Amino acid sequence: MAGLKTIIALSFVLAIGFLLVILSSALFGNYFPLFVVATYCLAPLPNAICSRCSSPDDFIDGAGNGTLSTSAMERVTDGILRIALPAVLAHSGIIQVPAMVMSVIGGLLIYGTIISFTMFFQEESDF
(Lines give C-alpha, C1' and ligand atoms only; values in the text may rest on other atoms or scores of the structure.)
Protein backbone atom coordinates (compact mmCIF):
# COMPACT_ATOMS: atom_id res chain seq x y z
CA MET A 1 0.00 0.00 0.00
CA ALA A 2 1.45 3.29 -1.08
CA GLY A 3 1.33 6.10 1.39
CA LEU A 4 2.37 9.65 1.98
CA LYS A 5 6.09 8.88 1.69
CA THR A 6 5.55 7.46 -1.79
CA ILE A 7 3.67 10.57 -2.91
CA ILE A 8 6.40 12.82 -1.52
CA ALA A 9 9.17 10.80 -3.19
CA LEU A 10 7.36 10.75 -6.54
CA SER A 11 6.69 14.50 -6.42
CA PHE A 12 10.37 15.15 -5.59
CA VAL A 13 11.52 13.09 -8.60
CA LEU A 14 8.92 14.80 -10.79
CA ALA A 15 10.18 18.23 -9.71
CA ILE A 16 13.77 17.24 -10.49
CA GLY A 17 12.69 16.03 -13.94
CA PHE A 18 10.91 19.29 -14.75
CA LEU A 19 13.87 21.26 -13.39
CA LEU A 20 16.24 19.42 -15.73
CA VAL A 21 14.02 20.05 -18.75
CA ILE A 22 13.66 23.74 -17.93
CA LEU A 23 17.38 24.13 -17.22
CA SER A 24 18.24 22.41 -20.51
CA SER A 25 16.51 25.34 -22.18
CA ALA A 26 17.48 28.19 -19.88
CA LEU A 27 21.19 27.44 -19.41
CA PHE A 28 21.96 27.31 -23.11
CA GLY A 29 19.70 30.17 -24.23
CA ASN A 30 17.75 28.01 -26.65
CA TYR A 31 14.17 27.13 -25.85
CA PHE A 32 13.66 24.35 -28.38
CA PRO A 33 14.11 21.59 -25.74
CA LEU A 34 10.78 22.75 -24.27
CA PHE A 35 9.07 21.01 -27.20
CA VAL A 36 9.61 17.82 -25.22
CA VAL A 37 7.15 19.16 -22.62
CA ALA A 38 4.41 19.16 -25.27
CA THR A 39 4.89 15.43 -25.71
CA TYR A 40 4.09 14.77 -22.04
CA CYS A 41 0.44 15.34 -22.84
CA LEU A 42 0.55 12.77 -25.63
CA ALA A 43 2.70 10.20 -23.82
CA PRO A 44 -0.06 8.31 -21.94
CA LEU A 45 -2.23 7.81 -25.04
CA PRO A 46 -0.47 4.75 -26.55
CA ASN A 47 -0.33 3.10 -23.13
CA ALA A 48 -4.02 3.74 -22.52
CA ILE A 49 -5.01 2.43 -25.95
CA CYS A 50 -2.94 -0.74 -25.70
CA SER A 51 -3.94 -1.48 -22.11
CA ARG A 52 -7.59 -1.13 -23.12
CA CYS A 53 -7.11 -3.44 -26.11
CA SER A 54 -5.19 -6.08 -24.16
CA SER A 55 -7.44 -6.24 -21.09
CA PRO A 56 -10.31 -8.70 -21.23
CA ASP A 57 -13.84 -7.42 -20.82
CA ASP A 58 -16.58 -9.58 -19.35
CA PHE A 59 -19.38 -7.89 -21.25
CA ILE A 60 -18.06 -7.93 -24.81
CA ASP A 61 -17.17 -11.06 -26.78
CA GLY A 62 -13.80 -10.95 -28.47
CA ALA A 63 -12.38 -8.25 -26.24
CA GLY A 64 -8.76 -8.56 -25.29
CA ASN A 65 -7.39 -9.42 -28.70
CA GLY A 66 -4.79 -6.66 -28.60
CA THR A 67 -1.63 -7.44 -30.50
CA LEU A 68 0.74 -5.17 -28.60
CA SER A 69 1.35 -5.42 -24.90
CA THR A 70 1.48 -2.40 -22.65
CA SER A 71 5.17 -2.88 -21.87
CA ALA A 72 5.97 -2.82 -25.59
CA MET A 73 4.08 0.44 -25.98
CA GLU A 74 5.91 1.91 -22.99
CA ARG A 75 9.21 1.20 -24.76
CA VAL A 76 7.97 2.67 -28.03
CA THR A 77 6.66 5.78 -26.28
CA ASP A 78 9.89 6.19 -24.33
CA GLY A 79 12.02 5.90 -27.44
CA ILE A 80 10.03 8.14 -29.71
CA LEU A 81 8.86 10.85 -27.36
CA ARG A 82 11.69 11.09 -24.86
CA ILE A 83 14.88 10.32 -26.73
CA ALA A 84 14.25 10.84 -30.43
CA LEU A 85 13.05 14.44 -30.38
CA PRO A 86 16.03 15.86 -28.42
CA ALA A 87 18.41 13.64 -30.40
CA VAL A 88 17.08 14.95 -33.72
CA LEU A 89 17.29 18.52 -32.46
CA ALA A 90 20.90 17.98 -31.32
CA HIS A 91 21.86 16.17 -34.53
CA SER A 92 20.53 19.01 -36.67
CA GLY A 93 22.44 21.57 -34.59
CA ILE A 94 19.39 23.34 -33.21
CA ILE A 95 20.31 22.51 -29.59
CA GLN A 96 23.61 21.56 -27.97
CA VAL A 97 24.47 18.03 -26.84
CA PRO A 98 24.50 18.85 -23.07
CA ALA A 99 21.00 20.34 -23.46
CA MET A 100 19.93 17.13 -25.19
CA VAL A 101 21.32 15.00 -22.34
CA MET A 102 19.58 17.11 -19.69
CA SER A 103 16.32 17.02 -21.62
CA VAL A 104 16.45 13.24 -22.09
CA ILE A 105 17.26 12.58 -18.42
CA GLY A 106 14.51 14.97 -17.30
CA GLY A 107 12.01 13.37 -19.68
CA LEU A 108 12.85 9.89 -18.46
CA LEU A 109 12.45 10.99 -14.84
CA ILE A 110 9.07 12.55 -15.56
CA TYR A 111 7.80 9.58 -17.54
CA GLY A 112 9.16 7.15 -14.93
CA THR A 113 7.27 9.08 -12.27
CA ILE A 114 4.04 8.80 -14.25
CA ILE A 115 4.49 5.05 -14.70
CA SER A 116 5.44 4.60 -11.01
CA PHE A 117 2.42 6.58 -9.88
CA THR A 118 0.06 4.42 -11.92
CA MET A 119 1.78 1.27 -10.66
CA PHE A 120 1.57 2.24 -6.98
CA PHE A 121 -1.92 3.71 -7.01
CA GLN A 122 -3.92 1.51 -9.37
CA GLU A 123 -7.12 0.11 -7.94
CA GLU A 124 -7.59 -3.62 -7.62
CA SER A 125 -10.86 -4.95 -9.01
CA ASP A 126 -12.79 -7.67 -7.20
CA PHE A 127 -14.11 -9.37 -10.34
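Select Leu 109 and show its neighbours. Leaving aside residues up to four places away in sequence, Leu 109 touches Val 13, Ile 16, Gly 17 and Leu 20. This is a predicted model. Leu 109 sits in helix α5, residues 97–120. How exposed is Leu 109? Its relative accessible area is 28%, so it counts as partly exposed. Leu 14 and Leu 109 are 95 residues apart in sequence, yet 6.6 Å apart in space.

Next, move along α5 to Thr 113. Thr 113 is buried, because its relative accessibility of 7% falls under the 20% cut-off. Beyond residues up to four places away in sequence, Thr 113 touches Leu 10, Val 13 and Leu 14.

Show helix α1, residues 4–26, together with α5. The two helices pack at an angle of about 155 degrees, and their axes are 8 Å apart. How do α1 and α5 run relative to each other? They are roughly antiparallel, because the angle of about 155 degrees is over 145. The crossing of α1 past α5 is left-handed.

Colour the residues that make this contact:

- From α1, select Thr 6, Leu 10, Val 13, Leu 14, Ile 16, Gly 17, Phe 18, Leu 20, Val 21, Leu 23 and Ser 24.
- From α5, select Ala 99, Met 102, Ser 103, Ile 105, Gly 106, Gly 107, Leu 109, Ile 110, Thr 113, Ser 116, Phe 117 and Phe 120.

The contact of α1 with α5 holds 15 nonpolar residues, 8 polar and no charged.

Which residues form it? Select Leu 89, Ala 90, Ile 95, Met 100 and Val 104, 5 residues in total.

Not counting residues up to four places away in sequence, Ile 95 touches Asn 30, Phe 32, Pro 33, Pro 86, Leu 89, Ala 90 and Met 100.

Finally, zoom out to the whole chain. The protein has 5 helices and 0 strands. Along the sequence, the pattern reads α-α-α-α-α. Buried residues make up 24% of the 127 residues. Of the contacts with a separation of 6 or more, 68% join residues 24 or more positions apart.

Key
Residues numbered from 1 in each chain as written. Predicted model: local features only at pLDDT ≥ 70, side-chain atom pairs only at ≥ 80, totals over all residues. Heavy atoms only, no water. Helix = DSSP H or I, 4+ residues; strand = E, 2+ residues; numbered from the N terminus. Buried < 20%, exposed > 50% of the residue type's maximum accessible area, 1.4 Å probe, protein only. Contact = heavy atoms within 4.5 Å. Core = buried A, V, L, I, M, F, W, Y, C linked by side-chain atoms within 4.5 Å. Axes fitted to C-alpha atoms, helices over the stretch in contact; angles between N-to-C directions. Parallel < 35°, antiparallel > 145°, perpendicular 65-115°, else oblique. Left-handed = near helix turned anticlockwise from the far one by under 90°. Nonpolar A, V, L, I, M, F, W, Y, C, P; charged D, E, K, R; others polar.
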